[in-house]
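Dear colleague,

Please find below the structure that I am handing over to you. My notes on it follow directly after.

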Amino acid sequence: MDYKSSGVDIEAGYESVELMKKFVKRTMRPEVLGGLGGFSGAFSLAKIKDMEEPVLLSGTDGCGTKVKLAMILDKHDTIGIDAVAMCVNDVACAGGEPLFFLDYIACGKNYPEKIATIVSGVAEGCVQSECALIGGETAEHPGLMPENDYDLAGFAVGVVDKKDIITGADLKDGDVLIGMASSGVHSNGFSLVRKIFRMNEETLNTHFDELGTTLGEALLAPTRIYVKALKEVKNAGVRIKACSHITGGGFYENIPRMLPEGKRAVVEKGSYPIPPIFIMMQREGNVAEEMMYNTYNMGLGMIVAVDPADVDKTMEAMRKAGDTPYVVGKIVDGEKGVDLV
């Protein structure tokens, strides 16, 4: 008896590493020390010595049950973008620059080509956020997971000068809320998605005119990464006063997280276009509107608050980064929370 007969193929693990190296190479930054395959990833912090008071930021997350759709459709090249996005967007939301990322893949059986394809998406997410993929782990779990199943998670580490941390502390009545368009459902609420639609190839491969694509393509659209947009705003000389990444919990849970006591956010629902996928989900699942806004991003993946004098400059910077911004509301004095009007 050997390890392979118990369900763990060490040789497949070696092959996976070799296949993914070309993807990992795309993400390298000058600060990365050594190569892939060591016991730990090394990243030089020499450059942050120029900061007055450098603060490390971290974020960890996964893709939730969105991976189930990737498995049903046997499409694994974008789910890694989701894993990176969920982490780096949180780091950027605090004003930080993501530095490096590590991923963790648990699978029932290591199919090297599939693992490498998943990692290609992770690498693409790292390229989009300008952070390095400096390590990871692929763990075979025979008997714990079906052979074709896997789960994907990771974590990012970033840095920010303490004086530049976005806290919401200096928000004022009349500050303007600017939202950036999402790419779709992102990586939240897929347990409800899987209740609304039949999760089979026939349904997911069906083209819907209102979506302009197949249902599966609309749902698997990778999470938008907002790192470059927030960096462009900062480089434009704008001080972002508060920032909210609209993830699990939608508007009602995430927007209050960026507010200090005594300040309230007012979001105008008609100020931006709601993507067709959300309209379809609400209709087909008979989901209450409040539940939609309490679960999904409804078309806005990131919301920032800026001084009214900085609105035009902020939106110009976001467009420069390739994002689509909308003025979606304002900050008012009042009990901490959010109103959707």
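Helices (H or I, at least four residues) and strands (E, at least two) are DSSP runs, numbered from the N terminus. In that numbering, helix α8 is followed by Gly237, whose phi is positive, near 85 degrees. Please note that this is a predicted model, in which local features need pLDDT of at least 70 and side-chain atom pairs count only at pLDDT 80 or more, while totals for chains, interfaces and linings use all residues. Residues are numbered from 1 along each chain as its sequence is written, and side-chain values use heavy atoms, with hydrogens and water left out.

Domains and their interface

The domain assignment of the protein chain gives domain 1 (3-164) and domain 2 (175-340); the bounds come from an automatic or database domain assignment. The C-alpha centres of the two domains lie 25 Å apart. To the contact (heavy atoms within 4.5 Å), domain 1 contributes 30 residues and domain 2 contributes 31 residues.

Between them, domain 1 and domain 2 bury about 2600 Å², 66% of it on carbon and sulfur atoms. Buried area here is the accessible area (1.4 Å probe) that two parts lose on being put together, summed over both. Of the area that domain 1 buries against domain 2, 24% is supplied by Lys66, Leu69 and Asn89, more than by any other three residues.

Two salt bridges are counted between domain 1 and domain 2, where a salt bridge is a side-chain nitrogen of Lys or Arg within 4 Å of a carboxyl oxygen of Asp or Glu. Lys231 forms a salt bridge with Glu130, and the closest N and O atoms of this pair are 2.7 Å apart.

On the side of domain 1 that touches domain 2, the elements giving two or more residues are α2 (66-73), α3 (79-93), β4 (97-107) and α4 (112-129). Helix α3 gives the most to this side, with 10 residues. The residues of this side divide into 14 nonpolar, seven polar and nine charged. In this division, Ala, Val, Leu, Ile, Met, Phe, Trp, Tyr, Cys and Pro count as nonpolar, Asp, Glu, Lys and Arg as charged, and the others, Gly among them, as polar.

Asn89

Which helix holds Asn89? Asn89 is placed in helix α3 and is buried, with a relative accessible area of 0%. Buried means under 20% relative accessible area, exposed over 50%, and partly exposed in between (1.4 Å probe, protein chains only). The side chain of Asn89 makes a polar contact with the side chain of His245 at 3.5 Å. Leaving aside neighbours within four places in sequence, Asn89 is in contact with Thr223, Arg224, Ile225, Tyr226, Val227, His245 and Met302.

Helix α8 and Ile240

In helix α8 (residues 227-235), the buried residues are Val227, Ala229, Leu230 and Val233. Ile240 is found in the loop between α8 and β10 (242-245), and at 6% relative accessibility Ile240 counts as buried. Not counting residues up to four places away in sequence, Ile240 touches Ile166, Leu230, Val233, Val304, Ala305 and Val306. Ile240 and Ile165 are 75 residues apart along the chain, and their C-alpha atoms are separated by 9.4 Å.

Asn297 is found in the loop between α11 and β12 and counts as buried at 2% relative accessibility. Its side chain is joined to the side chain of Ser182 by a polar contact of 2.8 Å, and the side chain of Asn297 also reaches the backbone oxygen of Gly184 at 2.9 Å. Beyond residues up to four places away in sequence, the residues that Asn297 touches include Val185, His186, Ile246 and Tyr272.

Met298 lies in the loop between α11 (289-293) and β12 (300-306). Phi of Met298 is near 50 degrees, a positive value in a residue other than glycine, and Met298 is buried, with a relative accessible area of 2%. His186 is found in the loop between β7 (176-181) and α5 (190-196). Phi of His186 is near 60 degrees, again a positive value in a residue other than glycine, and His186 is buried at a relative accessible area of 0%.

Note on methods. A polar contact is a pair of N or O atoms within 3.5 Å; within protein, one must be able to donate a hydrogen and the other to accept it, and residues adjacent in sequence count only if both atoms are side-chain atoms.
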